[in-house]
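Dear colleague,

Please find the structure for your review below. A summary of the findings follows it.

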Amino acid sequence: MVLPIIHTVQISFLSLLFFTFLLHTTISYTPLTKLLYFLLTTHLHFFLLFSLCTLISIYYNYHTRPHRVFLLNYTCYKPPLHRKCSYKISESYVLRNVHLVEKSIDFMRNIYLKSGLGDETYGPPFIFEDDDDNNNNNTNNVPTLKSANQEAREGVFSSIDALLGKTLIDPRSIDLVIVTCGGFSPSPSLSSLVVNRYNLRSDVKTYNLSGMGCSSGVLSIDFAARVLRGSRKVQNALVVITESITLNWYHGENRSMLVTNCIFRVGCAAAIISNNPKLFKRAKMELIHSLRTHHGADDSSYRAAIQEEDEKGITGISLTKDLVRVAGVNLHQHIKILAPRVLPLTQITNYIYSIIMSTILPQSKFKPVVPDFTTAFQHMCIHTGGKAVIEQVSRVLKLSDEVTEAAKMTLNRFGNTSSSLVFYELAYFEAQKGKVKKGDKMWMIAFGTGFKVGSLVWKWIQDSTQDYDNPWTDCIHNYPLKVW
């Protein structure tokens, strides 16, 4: 906190020196400045009034400017070992599911083998329930509300417990709770569940988000930041990012809906976002930019990923063949807004020049260049929606394999954990000692149903350190994989 104060004093002194020099040089040329100088030097009451107005302006500006918002810390849920969902376990569950026909099983097997997922991902509880257990009424391991609640509670409680333990934040000091879960919205809500479990204050503000897909993790952080920046009080926000895939398991024959069974896996993350200056030195990163764009006005974007019933009335989430194209088009629209805010001037100039030339000479070889985002960010957490999505983002932004490494390895190790996926990528960077340095900038970008694109730009406050609960701790030595 001392360093920002010193910088503020230095800037104030230089500003005062500049305006003094400006007043001195213009005083003999402008009648208005002559009059102002005359009044300030000969009329004491005018001088006092002018000084008072200046002080009030400075005070008002200081107390109404947005608070700095930062990530104090975060955790990623790592399920127990007996929940590992290898290819063998997945195939075993599918084969004993009486609702799936042979054609559907063959299709899922083919998708799984091409998905980029490894054998270390984690599945929901209902897959591992024993049909031979006399106390188990869940015949054929059918997903139920009970197993969906179990999946949600395990991830949410484990993440928050670990987070509160390493931040030493008193639950009673939490002012804002945001819980996001795209496909599971029980009553009472998951945010109410958190309030009840941790005995939070009665005046805590809670928000429960749903239906926003894989982008909701990024968007919920943006939401928390906007609330904290707009508040005149020092506050702490608890953001819980989870997904329950239990009730979204699909056992019909629609291929676009069967894909979700193959790529989505269990995951959850929790984070403390704060605007408390006293906690700044302990924080990991400061949020310096955020952007969210909504492309739902376009029908193809709106229907690219949608929950609906198939021909037999079975509910599932359809990931259409148009999804990858839609992601690429809307990513283009998103970065057009983001680029001027984050890119260095040279990149912006080259980009504008290429647009002008391609407009003036449409028949020429001039085409709008793609800005080099690696000049703005040292690290990127790219949406891990699937192998095809990662490759599409890589093509659109012209990213190297090294830049997309974290996304690919996270997909392999944890699968598509939906809204929490960018935090598993963040943990991947932190697990590599010395990878992230103080002052580095990190870009998180995610896509969601609707169609939404969200970006967070962070600046590291200190060198990253591998926390004891990092989900990569026991396996980082095996990565990156040579073949993906």
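Helices (H or I, at least four residues) and strands (E, at least two) are taken as DSSP runs, numbered from the N terminus. On that basis, the chain has 15 helices and 11 strands.

This is a predicted model, in which local features need pLDDT of at least 70 and side-chain atom pairs count only at pLDDT 80 or more, while totals for chains, interfaces and linings use all residues. Residues are numbered from 1 along each chain as its sequence is written, and side-chain values use heavy atoms, leaving out hydrogens and water.

Of the 484 residues, 50% are buried (under 20% relative accessible area; exposed is over 50% and partly exposed in between, with a 1.4 Å probe and protein chains only). Where contacts (heavy atoms within 4.5 Å) join residues at least 6 apart in sequence, 78% of them link residues at least 24 apart. The chain exposes about 24500 Å², of which carbon and sulfur atoms supply 59% (Shrake-Rupley method, 1.4 Å probe; for residues, only the protein chains shown count as cover).

I356 lies in helix 12, residues 345-360. This residue counts as partly exposed because its relative accessibility is 43%.

Which residues line the largest cavity? They are Y74, T75, C76, K166, A427, E430, D467, D469, N470 and P471 (a cavity is a set of points on a 1 Å grid over the protein atoms alone where a 1.4 Å probe fits but cannot get out; lining residues have an atom within 4 Å of a point). Strand 1 (70-76) and helix 15 (421-431) each give two or more residues to this lining, and strand 1 supplies the largest share, 3 residues.

Yours sincerely

Definitions and conventions: 1 Å grid on protein atoms, 1.4 Å probe; cavity = no way out; pocket = protein on both sides within 12 Å on 5 of 7 lines; lining within 4 Å.
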